[in-house]
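This report looks at a few residues of one protein model. Please view the sequence and the structure first.

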Amino acid sequence: MILRILVKGGRIIDPSSHTDRVSDLLIEEGFIKVIDDNIECDADSVIDAGGLWIVPGLVDMHCHLREPGYESKETIYTGTRSAAAGGFTSVACMPNTQPPIDSKLMVEYIRLKAEKEAAVKVYPIGCITKGREGKELAPFGMLKEAGAVALSDDGDSVANSRIMRLALQYALSFDMPIIAHCEDKGLAADGVINDGAVATRLGLKGIPAAAEEVIVARDIVLAASTGGRLHIAHVSTAGSVEMIRQAKRLGINVTCETCPHYFSLSDEMAEGYNTAAKVNPPLRSPSDVEAIISGLKDGTIDVIATDHAPHDLSSKGDDIYNAAFGISGFETALSVGITYLVDTDILEPMQFIAKMTHVPADILGINAGQLSIGLPADVAIVDPYAEYTVDTGKFISNGKNSPYDGMRLKGRVLYTIVNGRYALYGGQIAKGDGNDNR
Ligand SMILES: NC(=O)N[C@@H](CC(=O)O)C(=O)O
Ligand SMILES: [Zn+2]
Ligand SMILES: [Zn+2]
């Protein structure tokens with residue numbers, strides 16, 4: 001049994017306490033025991049972390065683990081190991097499963113399954129409406145009591161504005177955020193990539209930026225009039241960023257996330273009818289990518305979430321019209337951020353890590369995303385300089401659907417520690433309960 005892990009000489013980056021300095025870290029019996037210069041003691045496992053980042057275990061507030069119902073795409077077992085490989089120690093999973101997570105029983109099911117099989121901490125998100133049908137509110141109080149941390153009909157917008165208004169109002173009683181997937185179905189129609197020059201050139205049906213923006217506008221209006229807690233999922237357009245920026249200036253209760261693919265890739269990835277780049281919302285124009293980056297820089301965009309959306313090969317196929325939307329994101333998120341935001345001097349390491357740790361944890365109200373004495377030891381140890389070529393064949397996730405396949409990225413996760421046990425050791429998934437790996 002590993003009682004003590006001593007991490008020597010790493011660069012400790014903990015945004016919650018504004019810490020960024022080289023120090024040692026001692027983990028004992030599952031908790032962070034000491035953070036100090038030159039800790040001298042016996043340990044069962046010692047990591048020489050010279051040149052490495054020691055950061056709070058990453059927190060992903062938006063992923064799809066696909067269980068129950070879509071086990072050929074991913075399971076709690078495979079998805080949480082993929083998360084660990086990406087440095088995540090806490091993940092919140094979306095309820096667009098079959099059946100959807102719209103009852104106390106379903107939330108409990110996810111939690112029990114995770115307790116048995118997960119490699120990282122799993123926080124279920126409950127549905128806004130029963131069956132994700134957009135007609136009747138789900139029982140928010142019971143979902144919360146069972147352990148749901150937020151509410152979302154992700155995959156679809158709540159089309160009926162009256163229902164969305166009620167949801168924002170009702171969720172206030174339980175202090176739960178409503179995570180809004182913003183998409184006007186009429187405008188998106190059967191588009192497959194961003195509506196723009198690339199779609200025209202390729203002769204593909206486009207999804208206009210307006211399909212996202214009209215619902216972002218509506219939901220901001222509803223948040224303003226109800227005071228409800230609105231969190232906008234996967235922001236992808238310049239117009240959305242600008243509206244959220246204005247809403248925040250007006251003091252409206254709104255937060256938002258973007259995903260690595262929206263600040264690193266544009267619709268030019270659709271060239272060759274590449275189904276791996278098909279995602280909802282779609283990869284946008286280069287000027288949208290610029291606007292997302294400015295939003296990250298000025299703080300309009302609070303969070304970087306993966307929207308890890310694994311699919312099996314048969315649902316991705318070769319036909320861009322029939323292929324499913326989604327990118328398998330856990331295993332590239334951190335390195336895409338390091339490559340496109342930190343290495344380019346857009347964000348300081350601390351600003352970047354904040355968006356993947358304590359900020360999403362605070363929005364969800366979970367005890368995670370910080371390195372503090374006495375807290376459970378959820379830690380990621382990262383080599384920010386290691387360059388590698390992405391090989392989706394080596395993904396731990398069942399979902400090999402990634403547009404980054406073959407691309408060079410910088411930054412590798414070497415160790416992921418959950419409650420003081422290794423979930424990832426030396427870049428390899430730990431076996432058993434993590435005690436046999438060192
Ligand atoms: N983002 C996606 O392209 N797909 C998600 C749904 C969603 O996040 O809206 C999925 O569940 O596959
Ligand atoms: Zn969505
Ligand atoms: Zn999603």
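Helices (H or I, at least four residues) and strands (E, at least two) are DSSP runs, numbered from the N terminus. His181 sits in the loop between strand 10 (178-180) and helix 5 (185-188). The model is predicted: local features need pLDDT of at least 70, side-chain atom pairs count only at pLDDT 80 or more, and totals for chains, interfaces and linings use all residues. Residues are numbered from 1 along each chain as its sequence is written, while chains are lettered from A and ligands numbered from 1 in the order in which they are written.

According to the unreviewed UniProt entry, the annotation "binding site" covers Asp154, His181 and His234. They are spread over 81 residues of sequence but cluster in space, with a largest C-alpha distance of 10.1 Å. UniProt positions follow the numbering used here, feature names are shortened, and annotations may be inferred rather than shown by experiment.

His234 is located in the loop between strand 13 (230-232) and helix 8 (238-249). Lys400 belongs to the loop between strand 16 (379-389) and strand 17 (408-418).

A residue is buried if 20 or more other C-beta atoms lie within 10 Å of its own, exposed if 12 or fewer, and partly exposed in between; C-beta atoms are placed from the backbone.

| Residue | Other C-beta atoms within 10 Å | Class |
|---|---|---|
| His181 | 23 C-beta atoms | buried |

Two residues are in contact if their C-beta atoms, placed from the backbone, lie within 7 Å. Leaving aside neighbours within four places in sequence, the contacts of His181 include Asp154 and Ala233.
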